[in-house]
Every structure is written in structure tokens, then in C-alpha cells.
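Please have a look at the structure first, then read on.

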Amino acid sequence: MFGLIPKEEKFFAMFRDMSHNIIEGAQLLKDMLDNFDDPVASQRKIKEVEHKGDTITHDIIKKLNKSFITPFDREDIYALSAALDDILDLIDASAQRFVMYNVEKPTPESKELAFLILKSCQTIDKTVALLGGKLEPISAYCIEVNALENEADRVCREAISRLFDEEKDPIQLIKWKEIYETLETATDKCEDAANILESVVVKNA
Amino acid sequence: MFGLIPKEEKFFAMFRDMSHNIIEGAQLLKDMLDNFDDPVASQRKIKEVEHKGDTITHDIIKKLNKSFITPFDREDIYALSAALDDILDLIDASAQRFVMYNVEKPTPESKELAFLILKSCQTIDKTVALLGGKLEPISAYCIEVNALENEADRVCREAISRLFDEEKDPIQLIKWKEIYETLETATDKCEDAANILESVVVKNA
Amino acid sequence: MFGLIPKEEKFFAMFRDMSHNIIEGAQLLKDMLDNFDDPVASQRKIKEVEHKGDTITHDIIKKLNKSFITPFDREDIYALSAALDDILDLIDASAQRFVMYNVEKPTPESKELAFLILKSCQTIDKTVALLGGKLEPISAYCIEVNALENEADRVCREAISRLFDEEKDPIQLIKWKEIYETLETATDKCEDAANILESVVVKNA
């Protein structure tokens, strides 16, 4: 049977705090683009969530460095917390670019990418929720995160192709190319986290 | 004397599959640029090779996570398989950019970079071939990969310098700058793999 | 009380050589921008310092791979030497861009970033100097490096915002955007090194 010995339940709770916080950041980014009334205020809220994420990550690392026994491999806990922190950094970096580049109106593709980021983060959260119990269903969620990353990659590539076909102003092109790439990188980070989670499952099967 | 105890011959065979697959990808990229008849078809073939690489990498990781005893340090196997996978990702990313940016004709510098990538991959393959036996000659191959990366770096820097001197269309400049950088990053990934291989040699001397 | 058993004093001396060398690179970069008389010659000197850094890093790794007992966790020594090497690579990459892009005159923001890089490197050096003895004061230095990175991030973001507001020539915009980003990445690498150093402190408290 599957199952990790819950030597340190606290780790699971901290990871859960982190994945909830990531969903909050992803939801704020989606709302920001769907309703582009006050991007500066939206970005400020996302920044706060990102700071909260830094604190949780820092607490996990501190706890990790002081624990003799850990519920799964020390290196995987370290890698997972870094990967989750990276997701939030990229959500924040995406929001920042809309403000920094004085974007007037988000494009449909950027909204689609924000939607795919939120879906990925929700799937990561479902996976993290299983860490203390039955690990078996985790693999299916990881496959879902991979599929969402592939989809985001496709949307990003098509958006950039279209940009090079249609956008005649090179400065607008530079801005949007970077916005699409930053949004897409957030889903890459979700995939990194999913890969670590999958390896935890295999090791503890 | 040099030599790794071949506790798990299967790992060596899997790495060899991977390095053969990488050579195939690198050869396809070189052919694509030397003979730019149907870049879309070429890119599709490279994508297939990249997918095959994903499968091999996945199998290595799965085997790694289930093995108690490994022929060399677990973390080095993990790092090496990730580095080899990255090489193929960058070969694929390079090919993609020629299609996505509707390139009409590859430049001499891009062909030169594709040639240096192929040479690096061939050298990596020779190194991987030695893993089960005498490790001593590996160091010389690693030095060769480093020299090829330095050469690619020089070609890339000169190509970008020339671009900024000569290309007046900023959109063309953006496209080619990224193509050169993506090609060059493939040789960086070869160097990363070589560094891991060199550290395996030192540890097992 | 704090303290690492100095099993291998030589490691501390090698890290100190490395951090001195990094300061030298950072000082040369700052001098290059403050006094932009002969950027090609300045860049060549920085390149030499970077090569020296490669040699020190290589020696640390070689020593690491041959040592049974290490003064702190093997993986942390590896990560720290890689992080210190990355700082110097980014200093060199920054200098290169001023030459490659035929920059006529450094902007105030680029000078400010070079100043923040130098301050970060000096702080890293103070931290490295403490590795063999009392570790306690290291944490305060790490917080300082984090603060300097935040400041560099702010300077970089404002410089890029201003660029998009004021620079009408897209090719100039591309050049300066990349220069600012490369300089800022050097302080990111300082932060990575500080994070590793902080984790060494926590583990050995």
C-alpha cells in the first residue's frame, strides 16, 4: 500500500499553506487581467501574497535544517519548497510587467495563460493535499499539470507567432513577447513542482 | 586503476540510448539548416526525437527511484539525465524558432553553431560510452566539450555584434538575437553534462 | 556556541581566495563604468579575473570530490562554489555587453547597479571570512545581501520603465534592457550565495 509515515505532520501543513497561498496569487492575477480597472492595486496585492510566500518558504527551510527526521527525502522537501516559491515569483513577475510596461488592455492570449496558471496551481494544491495520506492519486494530477504546461506552451508560441506577424511596432512587440514568456514560465515552474511530487510518490511507493 | 563497479548495467545502456538520441536530434538540426527546404517537416522530426528523449529520461528517473544500489552517485545520475534532457530541449527550441519566426534562410553563423552543437553531442556520446569501463579518457572529452562551448560562445557573440552593427530592422534583430542565443545555450547544456561526467570520474578515480 | 569543526581549513582558504577574486571583478566593473575611457581594456581585465575564478572553482570541486570529510555539507560546498562562480560570470557578462553593444556612455542607473554589485560582493566576502570561526554574525550579512538585491531590483525595474517611456529607438532599448537585466542578475547570484551561506549557519548552529 501507499503511504508516507507522518513523522512531521507540520511539514505537510506548511506545504498546504504554501499551495493555498499560490492559488491566491494565481486567482489575483487572473482577476487582474479579466478586470483591468486598477492594475497597480492588483499588482500590489499580488506582491503581498508573494511576500507571504517568502515567509512560508523561509519557515519550511528553517524547519528542514533543524529536523533530523523528515517525512520524505530532505532534498525533495528543499526542491519542492523552492519550486513552489518560484511559481509565486513568476506570478508576481507577470503582474509586474503589465504595470511596468503600461499595458492598456490585456490580450485574449494573456488571459488564457492566466487561466492555465490558475488551473495548474489548483492541481498542484490537490496534489500537496494528498502528501500525508494516500499518494497513489498524485500521479494523475502530475500528468494533468504536464498537460496544462503543454497547453500554455502552445498558447504562448502561437501568441508570439501572431505578434511577429501582426505587430509592426517593435517596442510593443518586445513588451508582449516578454509578458507571454513570463506567464508561460509560471506554468513551467508548476511542472517542475509536479515532477518533484511525482518522484516523491515513486520513491515512497 | 579506474573503473566503476557495473552494479546496474541497465543504467549505462539507458544513458547510451539517450546520447544516441541526442546525436540524432543534433544531426537533424544541422541538416535542417544546411538544407532549408522544408523547415516545418524538419522541426516535426526533431520534436519526435525530443519526445523520445523525454521517455528515456522518465525511464531513467523511474529506475533510479526504485534502485537501492546505483552504479554511481544517485544525485549524479539524476543530474546527468536532466542535463542530457536539457540538451535535446534546446535543440528542439532552436528548431522551433526557425519555424516560429518564419526564417527565410539560415545565416552562416547559425549553421556554424548547429555544427558545433553536433560536435559537442558526439563528444558527449563518446564520454557516455565509457561509463561502464575505463573512465580515464573521459576527462579529455570533457575538455573538448568545454572548448566547443567556448567556440560557440565566441561565434554567438560575434554574430550578435554584427547584428547590432548591420541589422536596421529591430524585429529581424530580435528574432536573430534569440536564435543565436538559443543555439548557444544548447552548447552550454552540453558543458553542464560534461561537468557532471567529469565529477563522476574524479569521485570514482 | 556556534562553530564549525575546521576539518579542512584549506576549503575556507579557497573560498576566501574566491571571494577576494569576486571583489576584484566587481571593483573593475565599477571602475570601468565610472571611468569609461577604454572599455575594451577593462573588459579584458575582468575576463582574466573570471578565468582565475574558474580555476579556483575547479580546484574546490576537485578537492571536494577527493575529500571524505568536509567542514560542512558536501552539497553546500558544491552549491556555494557554483554560486560564487556564477557571480563572476555575470560580472563578466555585464562588462561584455558594454563592449559588444558599443555603448558610448554608461547611464547613471548602470553605475548605480555596478555600485550595488560591489557592495554585495564585499558583504559576501565578509561572510565567507567568518566560515572557519563564529558563524553567528553571518545571518546579519545575509540579510544585508538580500536588501542590496531588493534595491538592485528596484533600480533595474525603474530604469527599464524609464527606457520604455523615453527611448524611441528600439535597438537602443533592446541593448539597455539587456544591460540592466544582466547587471541585476549579478545581484541575484549574490543573493543565491547568501541563501546557501545562511543555510550552512542554521545547520551548524
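**Aromatic contacts**

One aromatic cluster is formed by Phe36(A), Phe98(A), Trp176(A) and Tyr180(A). Keep in mind that the model is predicted. Over all chains, the count of aromatic pairs comes to 18.

**The Phe36–Phe98 pair in chain A**

- With ring centres 6.1 Å apart and planes at 65°, Phe36(A) and Phe98(A) make an edge-to-face pair, because planes over 60 degrees apart count as edge-to-face.
- This pair links distant parts of the chain, as Phe36(A) and Phe98(A) are 62 residues apart.
- Phe36(A) sits in the loop between α1 (9–34) and α2 (39–66) of chain A, while Phe98(A) belongs to helix α3 (residues 74–100) of chain A.
- Phe36(A) and Phe98(A) are both buried.

**The Phe36–Phe98 pair in chain B**

- The ring centres of Phe36(B) and Phe98(B) lie 6.1 Å apart and the planes are at 65°, so this pair is edge-to-face.
- Phe36(B) is found in the loop between α1 (9–34) and α2 (39–66) of chain B and Phe98(B) in helix α3 (residues 74–100) of chain B, so the pair ties together parts that are 62 residues apart in sequence.
- Phe36(B) and Phe98(B) are both buried.

**Lysines over ring faces**

- In chain A, Lys63(A) lies over the face of Phe11(A), 5.7 Å from the ring centre.
- In chain C, Lys63(C) lies over the face of Phe11(C), at 5.7 Å from the ring centre.

Notes
Residues are numbered from 1 along each chain as its sequence is written. Chains are lettered from A and ligands numbered from 1 in the order in which they are written. This is a predicted model: local features need pLDDT of at least 70, side-chain atom pairs count only at pLDDT 80 or more; totals for chains, interfaces and linings use all residues. Side-chain values use heavy atoms; hydrogens and water are left out. Rings of Phe, Tyr and Trp (its six-membered ring) pair if their centres lie within 6.5 Å; planes under 30 degrees apart count as stacked, over 60 as edge-to-face and the rest as tilted. Helices (H or I, at least four residues) and strands (E, at least two) are DSSP runs, numbered from the N terminus. Buried means under 20% relative accessible area, exposed over 50%, partly exposed in between (1.4 Å probe, protein chains only). A charge sits over a ring if NZ of Lys or CZ of Arg is within 6 Å of the ring centre and within 35 degrees of the ring normal.
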